[in-house]
Amino acid sequence: MSDIVLFDAPGPVARARHRLLAAVGAVLVLAFLAFALYKLGEKGNLAADKWTPFFTASMWVDYLLPGLVNTLKAAAISVVLAGAFGLLFGIGRMSQIAPVRWLCTGVIELFRSIPVLVMMIAAFQYFTYNNVFVSDISPLAAVVTGLTLYNGSVIAELLRSGVSSLPSGQREAGLSIGLTPWQTLQRIQLPQAITAMLPALVGQLVVVLKDTALGNIVLYPELLTNYQRIGSNWSNIVPAMIVIAVIYIGINYTLTVIAGRVEQRMRRSHGGGGGAVTGGAAGPPSLAVETAVLEADEPRLGAR
Amino acid sequence: MGDLFAAYPIFGAFGVTLLLTFFSAIGATILGVVVVILRVSPVPLLQKLGALYVNIWRNTPLTLIIIAANIVMIVNLGFSFSESFSRDNLIWAVIALSVYHAAFVCEALRSGVNTVPAGQAEAARSLGLTFSQSLTLVLLPQAIRGAITPLGNTLIALTKNTTVATAIGVAEISGLQKTMMEDRPDLFVVIVLIVAVGFVVITLPMGLLTSHLSARLGVRR
């Protein structure tokens with residue numbers, strides 16, 4: 001439902017009222033910004049020498065870029081592993097063999113209900129105490145373990161909800177032309193479910209990227225961790241945090257926009273006469289998959 | 001296992017987790033309702049402000065927000081609520097969690113509004129109901145019922161995210177977990193189990209209650 005149907009097209013009186021509300025809103029926001037700038041300036045955070053270091057090569061080459069590379073590295077490894085984990089356990093959860101199904105359901109539900117940070121701390125302690133890795137790799141391994149277990153479970157669950165919201169005729173058709181249940185899943189149901197999941201998957205990238213910042217707590221030298229080193233070098237810890245926040249918001253906002261584009265594109269292509277794979281029946285059911293997946297899971301996904 | 005419970009304040013740490021969850025949930029709900037009102041309001045500027053709020057906080061790592069609450073707000077700007085530094089950190093952790101999750105509460109409520117078919121609003125208007133009448137009598141009752149599942153998911157996420165408060169030294173369970181694991185590496189598995197079971201015990205009822213409520217109250221279409 002588009003928001004516009006909530007109200008009639010405004011008449012002259014309503015327009016005047018809207019202008020007044022907009023003015024009040026603008027004044028409140030400007031007042032807040034002015035207050036924030038005043039407080040920041042009062043403590044000397046706005047002085048030019050706190051900000052000029054961000055225009056030097058050393059700041060970027062020695063601090064910000066290495067941090068960003070570590071952040072992206074942890075995110076990339078986690079995404080690949082979580083994809084594999086999700087595929088494995090997602091399929092396991094739909095297995096015909098009951099014990100396999102129970103085991104996979106248990107694993108998914110367990111890792112979905114434990115906080116990522118708890119898993120990271122446990123993995124970090126386990127790796128360092130048992131000398132699993134060369135010592136300086138332990139933090140990265142801990143971050144990747146936590147992110148993989150959590151996001152892998154979420155992907156498994158997305159996959160299952162994608163498959164289960166396909167029209168039942170898809171499976172029946174596969175079985176009736178003589179495919180085995182596994183072949184039906186692999187050739188007919190999974191491709192459609194994965195396509196329907198695509199926007200939610202891109203959205204999940206934002207979650208992975210944000211959660212790499214938890215690595216700060218297990219001593220992983222990612223982007224956020226460098227605020228302290230920047231702060232002790234140039235004594236500009238508050239500007240450093242602001243710059244780092246802007247970098248995170250820039251990357252994640254771009255990913256959010258891409259997820260939205262993918263979703264719109266899919267909605268359009270399904271709306272206009274159905275996809276190539278599924279023929280005419282694809283339109284409304286696939287839409288139902290998307291909305292079901294998004295509405296059931298997205299807020300939780302987004303929130304971590 | 002018994003000596004762990006004797007030597008460490010495990011129940012106290014879970015208590016802090018629950019305390020953070022409780023107050024942050026209240027804060028996030030209040031802020032989230034304000035933001036969603038901005039987002040569905042007829043004033044374009046207010047809609048943009050609501051969207052800006054959601055985009056900023058949803059795309060910032062919670063760890064950064066919580067650390068900034070300590071470094072920027074307490075240490076640098078001196079927004080202090082009490083004499084005690086640890087109490088300040090607790091209060092700012094609640095504020096940071098509220099501000100962050102308000103963006104998700106807003107989106108959950110908006111997805112509830114989106115479950116109401118457009119025809120409902122059109123029908124309400126063609127009956128001659130005013131904006132506030134169609135909102136309070138027709139749309140909101142259905143929207144709130146439609147938002148129960150995502151709101152419950154947000155609450156569960158909030159519960160788990162309270163662990164991040166350990167970054168500024170709030171004495172909740174993940175900080176205690178780290179201490180216990182450093183002191184007693186021999187009891188690693190037991191410690192993991194205690195923390196995991198604790199979170200399952202806290203979040204399971206939330207999940208069951210939400211699915212029960214949304215099955216009971218959800219509007220069939």
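Visitor: Where does H3(A) bend, and by about how much?
Guide: At Leu64(A), by about 35°. A proline, Pro66(A), follows within four residues. Keep in mind that this is a predicted model.

Visitor: How many residues does H3 of chain A have, and what does it span?
Guide: Helix H3 of chain A covers residues 57-93, which is 37 residues. From first C-alpha to last it reaches 51 Å. That is close to the 54 Å expected at 1.5 Å a residue.

Visitor: What else is in chain A, helices or strands?
Guide: Chain A has 11 helices and zero strands.

Visitor: Let's look at H4(A). Which residues are buried there?
Guide: Cys104(A), Val107(A), Ile108(A), Phe111(A), Arg112(A) and Ser113(A). The helix runs over residues 98-113 and has 16 residues. Its reach is 23 Å, close to the expected 22 Å.

Visitor: You listed a cysteine. How many disulfides over all chains?
Guide: The count is zero. A disulfide is a covalent bond between the sulfur atoms of two cysteines. For the count, two cysteine sulfurs had to lie within 2.5 Å.

Visitor: Cys104(A) and Cys106(B): what are their relative accessible areas?
Guide: Cys104(A) has 7%, so it is buried. Cys106(B) is buried as well, at 0%.

Visitor: Switching to charges. How many salt bridges over all chains?
Guide: A search of the whole structure gives 11. Side chains of opposite charge can pair when their charged atoms come close.

Visitor: Which side chain does Arg112(A) meet?
Guide: Glu109(A), at 3.9 Å from N to O. The cut-off for a salt bridge is 4 Å. Both residues lie in helix H4 of chain A, three residues apart, about one turn of the helix.

Visitor: What about Arg267(A) and Glu263(A), how far apart are they in H10?
Guide: They sit four residues apart in helix H10 of chain A, residues 237-271, so about one helical turn separates them. Arg267(A) is partly exposed at 34%. Glu263(A) is buried at 18%.

Visitor: Now chain B. What is the N to O distance for Arg39(B) and Glu107(B)?
Guide: 2.9 Å, in a salt bridge between their side chains. Arg39(B) is in helix H2 of chain B and Glu107(B) in helix H5, residues 85-114, so the pair ties together parts 68 residues apart in sequence. Both are buried.

Visitor: Last topic, the surface. Which residues make the nonpolar patch of about 570 Å²?
Guide: Leu19(B), Phe22(B), Phe23(B), Ile26(B), Ile30(B) and Val34(B).

Visitor: Where is Leu19(B) placed?
Guide: In helix H2 of chain B, residues 10-40. Leu19(B) has 37% relative accessibility, so it counts as partly exposed. Patch residues need over 30%.

Conventions: Residues are numbered from 1 along each chain as its sequence is written. Chains are lettered from A and ligands numbered from 1 in the order in which they are written. This is a predicted model: local features need pLDDT of at least 70, side-chain atom pairs count only at pLDDT 80 or more; totals for chains, interfaces and linings use all residues. Side-chain values use heavy atoms; hydrogens and water are left out. Helices (H or I, at least four residues) and strands (E, at least two) are DSSP runs, numbered from the N terminus. The expected span of a helix is 1.5 Å times one less than its number of residues. The bend at a residue is the angle between axes fitted to the seven residues ending there and the seven starting there. Buried means under 20% relative accessible area, exposed over 50%, partly exposed in between (1.4 Å probe, protein chains only). Patches are made of residues with over 30% relative accessible area and no salt bridge: like charges are joined within 9 Å, nonpolar side chains (Val, Leu, Ile, Met, Phe, Trp, Tyr) within 5 Å. Accessible areas come from the Shrake-Rupley method with a 1.4 Å probe; for residues, only the protein chains shown count as cover.
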